[in-house]
Amino acid sequence: MWLGIPAGLIYTVFFIVPIITAFFYSFTDWNMDRMGDAKFIGLRNIVNLFQDEVFLRSLWNTLLFAFSTTVLKTIVGLLLALLVVQKFKGNSIFRTLFYLPCVLSCMIVGLLFTGVLKKDGLINNFLIAIGHGDLARDWLGSYGTAILWIIIIEVWMWAGFTMFLFISGLQSISREYYESAQIDGASSWHQFQKITLPLLAPSFTVVVTLNITGGLKVFDLVYSLTGGGPGFDTQVLSTYTYRAFGMGLLGKSSASALILSVFIVGVTFLLNKFLRSREVDT
């Protein structure tokens with residue numbers, strides 16, 4: 001018991017107290033100009049946020065990013081897992097290569113891809129070299145291509161992590177099910193539909209929950225690639241909160257963080273409950 005006190009104090013000071021403080025100040029007009037004179041204004045911050053076009057764009061971008069990356073990472077991760085779970089020479093090398101991107105810092109990845117995607121970057125130089133200079137553009141300079149590349153880079157980074165979660169699930173499925181199905185003449189596709197997918201349900205629960213939660217909290221990749229630009233086009237809730245805090249609007253940024261937290265908890269809870277109801281007993 002006594003050994004747990006230091007950890008409990010650290011957790012309280014650095015997690016519990018800031019959460020309570022942010023919750024309180026989200027209902028005030030606290031800002032840098034009046035640090036010691038915050039006034040209670042009720043739900044005005046929250047109402048104003050939902051009337052702010054930039055906040056609504058940030059909310060839409062967050063939802064788009066979270067759900068699209070979750071779907072893509074789940075599909076790509078499952079396909080990679082089905083590939084490398086097979087026994088063949090060099091299996092471990094492929095697992096390492098697919099997993100490698102997720103150990104890199106998001107800020108480093110963002111800086112690297114900024115160099116690749118900028119107007120005089122690698123992609124445009126390659127297009128010019130092969131005679132398709134008319135296709136060259138500033139890939140991070142318009143909303144459509146910028147948000148697309150952010151999603152692609154996120155999937156590239158984390159599909160390998162998803163792959164390993166699915167590998168664990170695939171390895172836990174007894175071979176007896178497949179042997180029985182083969183005796184009954186079931187095709188590989190039928191085995192995948194009736195055995196692999198249902199018995200992978202617990203893995204899908206973990207994968208989808210982690211990816212949705214991470215997608216809703218995205219900050220560093222967007223910040224390092226576009227900073228929320230061009231303009232406010234690729235702003236997400238985390239970068240919106242960060243920018244509001246940097247402008248000294250502490251009450252507004254606290255309210256934005258509160259909305260994000262409630263949203264994450266609600267979506268995660270409902271999604272986890274639904275996915276758990278789809279799991280089957282082995």
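A salt bridge here is a side-chain nitrogen of Lys or Arg within 4 Å of a carboxyl oxygen of Asp or Glu. With that in hand, take D52 and K252: their side chains meet in a salt bridge, N to O at 3.6 Å. D52 sits in the loop between α2 and α3, while K252 belongs to helix α13, so the pair ties together parts that are 200 residues apart in sequence. Searching the whole structure turns up three salt bridges, and the D52–K252 pair is a salt bridge of this kind.

Now for the overall picture. This is a predicted model, and its secondary structure comes to 13 helices and zero strands.

| Helix | Residues |
|---|---|
| α3 | 53-84 |
| α7 | 143-171 |
| α10 | 201-216 |
| α13 | 250-277 |

Next, how do α3 and α10 pack, and at what angle? The angle is about 145°, and the axes are 8 Å apart. As for handedness, α3 passes α10 in a right-handed crossing. On the α3 side, the contact residues include T62, F65, F67, K73 and L78; across from them, α10 brings residues including F204, V207, N211, I212 and L216.

A nonpolar surface patch of about 680 Å² is made by Y99, L100, V103, L104, W156, F161, V206 and L210. Which elements give two or more residues to the patch? Those are α7 and α10. V103, another residue of the patch, has its place in the loop between α4 (91-99) and α5 (106-117).

One last stop is the backbone at G229 and P230. Most peptide bonds are trans. The bond from G229 to P230, though, is cis, with omega near 0°. P230 lies in the loop between α11 (220-225) and α12 (237-246).

Methods
Residues are numbered from 1 along each chain as its sequence is written. This is a predicted model: local features need pLDDT of at least 70, side-chain atom pairs count only at pLDDT 80 or more; totals for chains, interfaces and linings use all residues. Side-chain values use heavy atoms; hydrogens and water are left out. Axes are lines fitted to C-alpha atoms, for helices over the stretch in contact, and angles run from 0 to 180 degrees between N-to-C directions. Helices (H or I, at least four residues) and strands (E, at least two) are DSSP runs, numbered from the N terminus. A crossing is left-handed if the near helix is turned anticlockwise from the far one by less than a right angle, and right-handed if clockwise. Contact means heavy atoms within 4.5 Å. Patches are made of residues with over 30% relative accessible area and no salt bridge: like charges are joined within 9 Å, nonpolar side chains (Val, Leu, Ile, Met, Phe, Trp, Tyr) within 5 Å. Accessible areas come from the Shrake-Rupley method with a 1.4 Å probe; for residues, only the protein chains shown count as cover.
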